[in-house]
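Student: I am new to this structure. Please take one part and walk me through it closely.

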Amino acid sequence: MTDSKFLRGTMILTMATFASKILGMIYVFPFVAMVGQQGLALYQYGYQPYVILLSMATLGVPMAVSKFVSKYNAMGDYKTGQRLLKTGILFMSITGLLAFLVLFSMAPVISGWIISDPSDLDGNSLIDVTFVIRMVSVALIIIPAMAVIRGYFQGNQSMGPTAVSQVLEQLIRIVFILSMAYSVLYIMDGDLGTAVGFATFGAFVGGLGGLAVLLFYWKKRKHFIDQQVNESTVDHNLPLSNMYKELIMYALPFSFVGLAIPLFQLVDLFTFNNALTASGYTLGEAETMYGVFSGSAHRLILIPVAIATAMSVTLIPAITKSFTSQNDEVLQNQITQAFQIIIFLAVPASAGLMLLSYPTFALLFGLNDIEVGGYILRYYAPVAILFSLFSVSAAMLQGINQQRFAVLSLIVGILIKLILTYPLLIALGSMGAIISTFLGFTAAIIFNLVIIAKYADFDFRPLIKRTILITAVTIVMSLGVIIVKEGAEQLFPLVSWMNALLIELFAMVTGILLYFIITVKIGLAGKVLGDRFSILKK
């Protein structure tokens, strides 16, 4: 396959992943309109343990299989890759089944960890939480095996099957979630627990759709793959133990870095309700705050994270190449640019979300829980910068072959989160979870930056200067947004969805235009975004 086809395939996969993530954020708006923040909290009760077990069952398998297959294919050994595919599907099916059995059988125990006082009738019941966890656990039976097939296609530099299956899986899942929630609540007049439970079953239904796409592509390309294997000139005859040892070495760093946000959320899952009810809140109040924090607000701040990291991680392969060839000057520029893009996009986006937290929440989730939602979103928004910086700095550590430190930094961050979350929740309410997340990720990022400075001999001074300039422009932009927002709220008080839309529109357009005009005029946009937007340099 030519380089241009490979680049095109990589771009298709990146776009599909991004589209899948955006779809995964957008569906929450109509879902919350049907089930409310407590319903979203119930959904998160099932989904958080599922994500952790899914990550443990797959262990970064798609990327690891892709790297393994690509390596041996380059040597002319197509047989080893196919052996990995056959044994990998069996192995992942077994780990998936075990993960399903663990989560299904442990559901009542996990429910008790989430809600320690089931006598509080103001919130979700233990029966509902158990039902939701068990419904989502079924997806673990098929999803891990799909990871091997996707990795195999990617290792053969065929990104289309993974891209199409990812997007279709997400679409089917979302349609199922929304249609089941609507049917149970509004057609069958069912209760909230049943509606959310069947909605979480969408993970399994979506998985079936994604698997069907992969099998379609496999049937279509089987003849060509068999021909490659039969004409294979080399066969390393690797023992299975050696094969899986190599695969695990590839997979572990990908797995741990991908687990960062879910692990932090898992700490919140088992502390949030218990701490807040212990400090005087009812279970219903605690669940509403948890639904906003882990569901609504979290998905909103992931939007700037997805955009910033999607643009910056494209530099990671180039960083790997420069580090391997010991081209220090180019490496310095690439690391600086990757960090600059994150800061350039995430800082103003987070500032905008902070300033417009109340109208944004009202616009997307309604006015019912606006006081709680606007408050949490305002203070949670800056964490988007940290999510972005951790993701990219951890990827850089893999690029300079220091991935073990990415795992260590995550452990440091998780320990800080574990130690601080409960006492901070008791002392500060929902703000406690935000502060502990902030401190945990800050420590992990500082750890990563120290390692990058040491092993890549990176000089942070140019980046610090650029960060100060971006911050100054963001402050100017923020002043403009505040003036327009305050003026708009005088004309359109925040008492209806339409008024929220108008306030958001006026203030957001002001912010975007101000930031764009200032950064273009002073040449900052062109320097940071580089060749992506070369017209901005003129």
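Student: Which residues does Tyr-152 touch, not counting residues up to four places away in sequence? Please look closely at the helix contact around it.

Tutor: Tyr-152 touches Val-65, Val-69, Gly-81, Gln-82, Leu-85, Trp-218 and Ile-225, once residues up to four places away in sequence are not counted. Keep in mind that this is a predicted model.

Start with the residue itself. Tyr-152 sits in helix H6. Its relative accessibility is 4%, and buried means under 20%, so Tyr-152 counts as buried. Now look further off along the chain. Phe-323 lies 171 residues from Tyr-152, and their C-alpha atoms are separated by 27 Å.

Next, the partner helix. H6 covers residues 143-155, and H9 covers residues 202-230. The two helices pack at an angle of about 35 degrees. Their axes are 10 Å apart. The crossing of H6 past H9 is left-handed.

Ala-203 belongs to helix H9. Its relative accessibility is 4%, so Ala-203 is counted as buried too. Beyond its neighbours within four places in sequence, Ala-203 is in contact with Tyr-50, Val-136, Ala-139, Ile-143 and Arg-173. Glu-371 is 168 residues from Ala-203 in sequence, and 32 Å away in space, C-alpha to C-alpha.

Finally, step back to the whole chain. The protein chain has 22 helices and zero strands. Of its 538 residues, 53% count as buried. A compact globule with 538 residues would have a radius of gyration near 24 Å, and the chain has 24 Å, which agrees. The C-alpha atoms fill a box of roughly 75 × 60 × 40 Å along the principal axes. Among contacts with a separation of 6 or more, 82% join residues 24 or more positions apart. The accessible surface comes to about 23400 Å², and 70% of that belongs to carbon and sulfur atoms.

Notes. Residues numbered from 1 in each chain as written. Predicted model: local features only at pLDDT ≥ 70, side-chain atom pairs only at ≥ 80, totals over all residues. Heavy atoms only, no water. Axes fitted to C-alpha atoms, helices over the stretch in contact; angles between N-to-C directions. Helix = DSSP H or I, 4+ residues; strand = E, 2+ residues; numbered from the N terminus. Left-handed = near helix turned anticlockwise from the far one by under 90°. Rg over C-alpha atoms; globule rule 2.2 N^0.38 Å. Buried < 20%, exposed > 50% of the residue type's maximum accessible area, 1.4 Å probe, protein only. Contact = heavy atoms within 4.5 Å. Areas by Shrake-Rupley, 256 points an atom, 1.4 Å probe, with all protein chains shown as cover.
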